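Open the model in your viewer and keep the selection panel at hand. The stops below say what to select next and what is there.

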Amino acid sequence: MTEQRKKAVFKQAIFPLVFFSLATLLTLCSILPISRVRSVKVMSNDRELRTAVIKASGLHYYESLLIVWFNADRIEQKIVDQVGLAKEATLHYDKVNNVVIDVKEYRTVGYIYRNGKYYRLGTNGVPLTVGESTVTESCPVFYNFKNEQKLKQAVVEISELSSKLQHAVSEVHYEPSKVNPNKVRLYMNDGNEVIADLTTLNKKMKYYPTIATKMEQKGTVDLEVGAFSYPNK
């Protein structure tokens, strides 16, 4: 066999050899434990957030690690899209096949009460998908907000209050009327109530401390149109 013929035969043989070698290697890798997800850990102290993140990620034990690697960006985006408190999510790996999810969270502003449970709200106004049986932080609880846009608007208004005023609010109730679709009622920790308009809530609440100190008994501070108070009957 001539030298040129030998080279031609070698070239014809090398491709299937490489192909089958790679196929064998990939097959071996796919069945080895090291190529499978061993654990999924979310770096957060909040149990409900961890549960929501793992559920949104779709990751589970013994899933193909190759699939996770190739879909990391998509998984991170799913977490941000589906988990209300997640501002940013990043996947990385510990000892090759332990998946770790770092989550950058929105600051908690309050809770939304729905169907017997309390769902945490971040500054973006989107509730966490996993609820709690009790409120675990000292912040306002939002009630009757079935309209998501109104809820976001209320959360933004409350989040822009001073820290002292935010902690002074116990509950925020959405009470729309034909006259004013933006009407809300705030129950304060000092025993007073505040009637306000969502569009001017943050702007007018700065008058509350001064008005409250002049009240001789617990009552209602009306900030919906003007700024005045009257005792509760």
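Select Arg185 and Glu175 and show their side chains. In this predicted model, the two form a salt bridge, with their closest N and O atoms 3.1 Å apart. The pair links distant parts of the chain, with arginine 185 in strand 8 (residues 183–188) and glutamate 175 in the loop between strand 7 (169–174) and strand 8, 10 residues apart. Arginine 185 counts as buried because its relative accessibility is 15%, under the 20% limit. Glutamate 175 is partly exposed, with a relative accessible area of 25%.

Stay in the loop between strand 7 and strand 8 and pick asparagine 180. Is asparagine 180 buried or exposed? Asparagine 180 counts as buried, at 8% relative accessibility. Setting aside neighbours within four places in sequence, asparagine 180 is in contact with Asp197 and Glu224. For a distance check, take the C-alpha atoms of asparagine 180 and leucine 198: the separation is 9.8 Å, and the residues are 18 apart along the chain.

Next, go to arginine 120 in strand 5. With 3% relative accessibility, arginine 120 counts as buried. Which residue forms a salt bridge with arginine 120 at 3.8 Å between the closest N and O atoms? Glutamate 137 does. Glutamate 137 lies in the loop between strand 5 and strand 6 (141–143), so its pairing with arginine 120 ties together parts that are 17 residues apart in sequence. At 36% relative accessibility, glutamate 137 counts as partly exposed.

Another polar contact, of 2.4 Å, joins the side chains of arginine 120 and threonine 108. Beyond four places in sequence, the contacts of arginine 120 include Leu49, Leu85, Tyr111, Val126, Pro127 and Glu132. Now select Asp46, Glu105, Arg120 and Glu137 together: a network of salt bridges links these residues. A search of the whole structure gives 7 salt bridges. Side chains of opposite charge can pair when their charged atoms come close.

Aspartate 46 caps the N-terminal end of helix 2, with a side-chain oxygen 3.2 Å from the backbone nitrogen of glutamate 48. Show the side chain of glutamate 48 as well: it meets that of arginine 47 in a salt bridge (3.4 Å, N to O). What is the relative accessibility of glutamate 48? The value is 10%, and glutamate 48 therefore counts as buried. Arginine 47, at 57% relative accessibility, counts as exposed.

Just after helix 2, pick glycine 58, which has a positive phi of about 75 degrees.

Leucine 66 belongs to helix 3 (residues 65–70). At 35% relative accessibility, leucine 66 counts as partly exposed.

Finally, clear the selection and view the whole protein. How many helices and strands are there? The protein has 8 helices and 11 strands. Of its 233 residues, 40% are buried. The protein exposes about 14000 Å², of which carbon and sulfur atoms supply 56%. If you draw contacts between residues at least 6 apart in sequence, 48% of them join residues at least 24 apart.

Terms used:
Residues are numbered from 1 along each chain as its sequence is written. This is a predicted model: local features need pLDDT of at least 70, side-chain atom pairs count only at pLDDT 80 or more; totals for chains, interfaces and linings use all residues. Side-chain values use heavy atoms; hydrogens and water are left out. A polar contact is a pair of N or O atoms within 3.5 Å; within protein, one must be able to donate a hydrogen and the other to accept it, and residues adjacent in sequence count only if both atoms are side-chain atoms. Helices (H or I, at least four residues) and strands (E, at least two) are DSSP runs, numbered from the N terminus. Buried means under 20% relative accessible area, exposed over 50%, partly exposed in between (1.4 Å probe, protein chains only). A salt bridge is a side-chain nitrogen of Lys or Arg within 4 Å of a carboxyl oxygen of Asp or Glu. Contact means heavy atoms within 4.5 Å. Accessible areas come from the Shrake-Rupley method with a 1.4 Å probe; for residues, only the protein chains shown count as cover.
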